[in-house]
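Open the model in your viewer and keep the sequence panel beside it. Each stop below tells you what to select and what is there.

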Amino acid sequence: MIGLDTNVLLRYLAQDDPVQSPRATEIITRRLTGEEPGFVSLVTIIELVWVLKSLYKRSRQEVASDIEMVLAADTLEVQNEQEVYYAVVALRNGTGSFEDALIGSLGIWRGCSVTLTFDEKAAQRLHGFGLV
């Protein structure tokens, strides 16, 4: 297995660099396989979402589609895939931020009875949160 940094996924999704984008596409579509996938950590996913939103100014729907593309790739293994998917659904539906939804879903995954927060919107809208 080979780990992938945010910039590789970003170049693959954005296709905005004449040198790096084709190299990223080659890695993800030809070099990696279902038997030898690329590993995408949660840190990489969070960083990717942040860059797509803040630097690329993509809408929440576009970011959700980008992350769904990563999740759907047979050549990629995403850490805590189910929890990332839950966060994508929350983002797409507008029930919360990707980051908050991921925090809540990881708490549930780990067996937390609740994730305490001062964020009233997260506590009201997202499963797994409780207001302090």
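**Stop 1: salt bridges**

Select glutamate 26 and arginine 30: they form a salt bridge, with the closest N and O atoms 3.2 Å apart. Keep in mind that this is a predicted model. Both residues belong to helix H2 and sit four residues apart, about one turn of the helix. Glutamate 26 is partly exposed, at 36% relative accessible area, while arginine 30 is exposed, at 58%.

How many salt bridges does the structure hold? There are five. For another of them, select arginine 92 and glutamate 68, whose closest N and O atoms are 2.7 Å apart. Arginine 92 lies in helix H5 (residues 81–93) and glutamate 68 in helix H4, so this pair ties together parts that are 24 residues apart in sequence. Arginine 92 is partly exposed at 25% relative accessibility, and glutamate 68 is partly exposed at 27%.

Now select aspartate 16 and arginine 11, a salt bridge with its closest N and O atoms 3.0 Å apart. Is arginine 11 buried or exposed? Arginine 11 counts as buried because its relative accessibility is 19%, and the cut-off for buried is under 20%. Aspartate 16, at 39%, counts as partly exposed.

**Stop 2: two loops with positive phi**

Most residues other than glycine have a negative phi. Select glutamine 15, in the loop between helix H1 (6–14) and helix H2 (20–31). Its phi is near 50°, a positive value in a residue other than glycine. Glutamine 15 is partly exposed, at 46% relative accessibility.

Then go to lysine 57, in the loop between helix H3 (42–54) and helix H4 (60–72). Here phi is near 55°, again positive in a residue other than glycine. Lysine 57 counts as exposed, at 65% relative accessibility.

**Stop 3: the sheet**

Show the strands as a cartoon. Three strands make an open sheet in the order E1-E2-E3, with parallel pairing. Which strands are at the edges? They are E1 (2–3) and E3 (76–78), each of which pairs on one side only. Strand E2 (residues 38–40) pairs with E3 in the parallel sense over three bridges.

**Stop 4: a nonpolar patch**

Finally, switch to a surface view and select Val114, Leu116, Phe118 and Val132. These residues form a nonpolar patch on the surface, with about 450 Å² of accessible area together. Leucine 116 lies in strand E4 (residues 115–117) and is exposed, with a relative accessible area of 58%.

How values were computed: Residues are numbered from 1 along each chain as its sequence is written. This is a predicted model: local features need pLDDT of at least 70, side-chain atom pairs count only at pLDDT 80 or more; totals for chains, interfaces and linings use all residues. Side-chain values use heavy atoms; hydrogens and water are left out. Patches are made of residues with over 30% relative accessible area and no salt bridge: like charges are joined within 9 Å, nonpolar side chains (Val, Leu, Ile, Met, Phe, Trp, Tyr) within 5 Å. Accessible areas come from the Shrake-Rupley method with a 1.4 Å probe; for residues, only the protein chains shown count as cover. A salt bridge is a side-chain nitrogen of Lys or Arg within 4 Å of a carboxyl oxygen of Asp or Glu. Buried means under 20% relative accessible area, exposed over 50%, partly exposed in between (1.4 Å probe, protein chains only). Two strands pair if DSSP finds at least two bridges between them.
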